[in-house]
Amino acid sequence: MARTLITVPRTAKRDEIIEIRALVQHSMETGYRRSSDGDLLPRDLIRRFTCRFVPRVAANSNAASTAGDLIFAATFHAAIAANPYLSFNLRATTSGTLVFSWEGDNGLAQTETVSLLIA
Amino acid sequence: MKRRSFLASSAGLVASVMVRPVAAIEQSSVLTALVKEYAAGAVVREGRVKFDIARLVDNGNSVPVEVTVDSPMTPQQHVVGITLFNEKNPQNDVAQFSLSHLSGRARVATRIRLATTQQLVAVAKMNDGSCWTHTVEVLVTVSSCIEE
């Protein structure tokens, strides 16, 4: 499991625009570099990042809404620096859970959740 | 030259240097082709996008970038995507970001790799299909991709 660092305010006012920062520990090996033996280092990249928001009221509604709304997505290429860092925004409307997912080469798939409370 | 006229003229010179507008650089044909492909027939115009990156980069391994787009981000009028292309890395793609009116603000920041001194372009696609760009030129002193 890769280590992640997610920064989201614990509470926000309704309609406040919050900043979300997400960092994951990963080498983002480009596939162009060589080791000290001269062998090409195999490509190992994180390819996709998504952030979804699941409103808290989802418990008594239908199951489809538990997937949440996609609020931000990113497709990465080799030109993204090691330990990919992203910062983006969200207009906070209701309390709920933010679901962060990273997918990449060699079967990498990781999901982290952070709750957001609207005061 | 009289002192007074010298001071007046030199003040004018300083002012002209300081207020020099950010000249639109001539976009490289590589980037123009990439943007055209991404736009897929939509109108591409310069403006509304601000690509924030250091003009002089000491180390190309991790270069902070921030792209902001002038948009109200309402359901009627918002940015749906921001894409970054580079001119001279081994691959021209850098990243594609998807946004929606839920974002509240059309902004994304990340860190990228730069192999050498080159141009970069940020393209924002609006929900009405129009595309807006900002091209920047970056001087890289120590490139990415060289260290073992």
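**Notes on a two-chain predicted model**

1. Let me start with chain B, which has 2 helices and 9 strands. Helices here are DSSP runs of H or I with at least four residues, strands are runs of E with at least two, and both are numbered from the N terminus.

2. A word on conventions: this is a predicted model, in which local features need pLDDT of at least 70 and side-chain atom pairs count only at pLDDT 80 or more, while totals for chains, interfaces and linings use all residues. Residues are numbered from 1 along each chain as its sequence is written, chains are lettered from A and ligands numbered from 1 in the order in which they are written, and side-chain values use heavy atoms, with hydrogens and water left out.

3. Chain A has 8 strands and 0 helices, giving the pattern β-β-β-β-β-β-β-β along its sequence. Of its 119 residues, 42% are buried; for chain B, the figure is 41% of 148 residues. Buried means under 20% relative accessible area, exposed means over 50%, and partly exposed lies in between (1.4 Å probe, protein chains only).

4. Taking contacts with a separation of 6 or more, residues 24 or more positions apart supply 59% in chain A and 66% in chain B. A contact means heavy atoms within 4.5 Å.

5. The interface draws on 33 residues from chain A and 29 residues from chain B. Between them, about 2,600 Å² is buried, with carbon and sulfur atoms giving 46% of that area. Buried area is the accessible area (1.4 Å probe) that two parts lose on being put together, summed over both.

6. You will find 1 salt bridge between the chains, formed by the side chains of Glu19(A) and Arg107(B) at 3.3 Å, N to O. The rule asks for a side-chain nitrogen of Lys or Arg within 4 Å of a carboxyl oxygen of Asp or Glu. Polar contacts across the interface involve 17 residue pairs, both residues at pLDDT 80 or more. Such a contact is a pair of N or O atoms within 3.5 Å; within protein, one must be able to donate a hydrogen and the other to accept it, and residues adjacent in sequence count only if both atoms are side-chain atoms. On the chain B side, strand S6 (93–98) and strand S7 (107–112) each supply at least two residues.

7. Thr83(B) sits in strand S5 (residues 79–86) of chain B and is buried, at 1% relative accessibility. Its side chain makes a polar contact of 3.2 Å with that of Tyr38(B). Beyond neighbours within four places in sequence, the contacts of Thr83(B) include Ala95(B), Gln96(B) and Val121(B).

8. Compare Asp52(B), in strand S2 (residues 49–53) of chain B, which is partly exposed at 36%. The side chains of Asp52(B) and Lys50(B) are in polar contact at 3.4 Å. Leaving out residues up to four places away in sequence, Asp52(B) touches Pro64(B), Val65(B) and Glu66(B).

9. Finally, the cysteines: a search over all chains gives 0 disulfides, a disulfide being a pair of cysteine sulfur atoms within 2.5 Å. Cys51(A) is buried at 0% relative accessible area, and Cys131(B) is buried at 0%.
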